[in-house]
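This report walks through one protein model, from its centre to its loops. Keep the structure in view while reading.

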Amino acid sequence: MGGITLPSRTAQEKLVPTLGQRTMNDPKFFLFDLPRSGRPAPFRIPEEWYPGVRDHWHHATSRRAVDPIGGIRALVIHAAVGLSSAGAMSVMKAHRASWHWLIPGTDEEPHGKVAWACVPEASAALHVRDLRSYPAVNGGQAKVNDWSLAIQIVNSRSRDVVEPFSDWQVEIAAEIVRYSWAKYPNLKHVVSHALLDPERCSDPGAHFPWKRFRDLVLNGAGDMY
Ligand SMILES: [Zn+2]
């Protein structure tokens, strides 16, 4: 933990993707399916309950309309841009949205150690609007929250500043997908919020390294844990 470090020229360039990069890495097309073979053996992820989060479950979650194990079909990737973990959680505490895991920002204490668990996996989080759907995701069914899990990645410590995602953030997100792949026999789709709700959302953003993330999910991160 040193003092303030100015981003390198390379890092600064990453903040503003060029038009070419944007079309090459458009979050509205972030989607891949988990193959039937290659499912990992069950394992634990480094997670802790976000302090005090239980008090908000009653208003910030709903009962799943599907079997909480066999009914899980998708995992949705979100990013909170311009918010700290505390800022993101204030949204959940206001019962306006929720997610199963929150990945802390690069300058926050748990970064590199644990993800915050925020909602019990057996409950539906509030993270995609009910009417939204996409043909290639669970046969185009709506009410995505009922049959999905959600990861929220904290991107920045201050509003309007988009930071590069850290390697650890991408790796822990991939490990959570692998953990879920091992646990939920019918989990198939890994999808961005932007694909499901392109009119309103662009997360996790064009700077999220989707190809690397997908490779980590499919091939493993080298047994991090
Ligand atoms: Zn989102």
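## A strand at the centre

Start with β8. Seven of its seven residues are buried, so β8 is largely enclosed by the rest of the structure. Buried means that 20 or more other C-beta atoms lie within 10 Å of the residue's own; 12 or fewer means exposed, and anything in between is partly exposed, with C-beta atoms placed from the backbone. Strands here are DSSP runs of E with at least two residues, helices are runs of H or I with at least four, and both are numbered from the N terminus.

In a regular strand the side chains alternate between the two faces of the sheet. In β8, Ser148, Ala150, Gln152 and Val154 point one way. Leu149, Ile151 and Ile153 point the other way.

## Neighbouring strands

Two strands pair if DSSP finds at least two bridges between them. β4 and β8 run parallel, joined by seven bridges. Isoleucine 77 stands opposite isoleucine 151 in β8. β5 also runs parallel to β8, with three bridges. Here tryptophan 101 stands opposite isoleucine 151.

## The model as a whole

This is a predicted model: local features need pLDDT of at least 70, side-chain atom pairs count only at pLDDT 80 or more, and totals for chains, interfaces and linings use all residues. Residues are numbered from 1 along each chain as its sequence is written. pLDDT is the predictor's confidence in each residue, from 0 to 100. Its mean over the protein is 88, and 85% of residues reach 70 or more. Over residues 1-22 the pLDDT is below 50, and this stretch has ten contacts beyond near neighbours in sequence. Two residues are in contact if their C-beta atoms, placed from the backbone, lie within 7 Å.

The protein has seven helices and nine strands. Of its 225 residues, 38% count as buried. Among contacts between residues at least 6 apart in sequence, 79% join residues at least 24 apart.

Helix α5 covers residues 167-183. Buried residues of α5 include Val170, Ile172, Ala173 and Trp181. The buried residues of this helix pack against β4, β5, β6, β8, β9 and α7.

A nonpolar core is a set of buried Ala, Val, Leu, Ile, Met, Phe, Trp, Tyr and Cys residues joined through C-beta atoms within 7 Å. The largest one has 56 residues; those with the most contacts inside it are Val76, Trp101, Leu102, Ile103, Ile151 and Ala173. α5 gives the most to this core, with seven residues. Alanine 173 touches Ile77, Ile103, Ile151, Ile153 and Phe213, not counting residues up to four places away in sequence.

## Loops worth a look

Valine 81 lies in the loop between β4 and α4. With 19 C-beta neighbours inside 10 Å, valine 81 counts as partly exposed. Valine 81 and asparagine 155 are 74 residues apart in sequence, yet 5.1 Å apart in space, C-alpha to C-alpha. Residues that valine 81 touches include Asn155, Asp203 and Gly205.

Most residues other than glycine have a negative phi, and most peptide bonds are trans. A cis peptide bond joins aspartate 203 and proline 204, with omega about 10 degrees. Proline 204 sits in the loop between α6 and α7. Histidine 95, in the loop between α4 and β5, has a positive phi near 65 degrees. Lysine 143 has a positive phi of about 50 degrees, and its place is in the loop between β7 and β8.

Conventions: Expected span 1.5 Å × (residues − 1).
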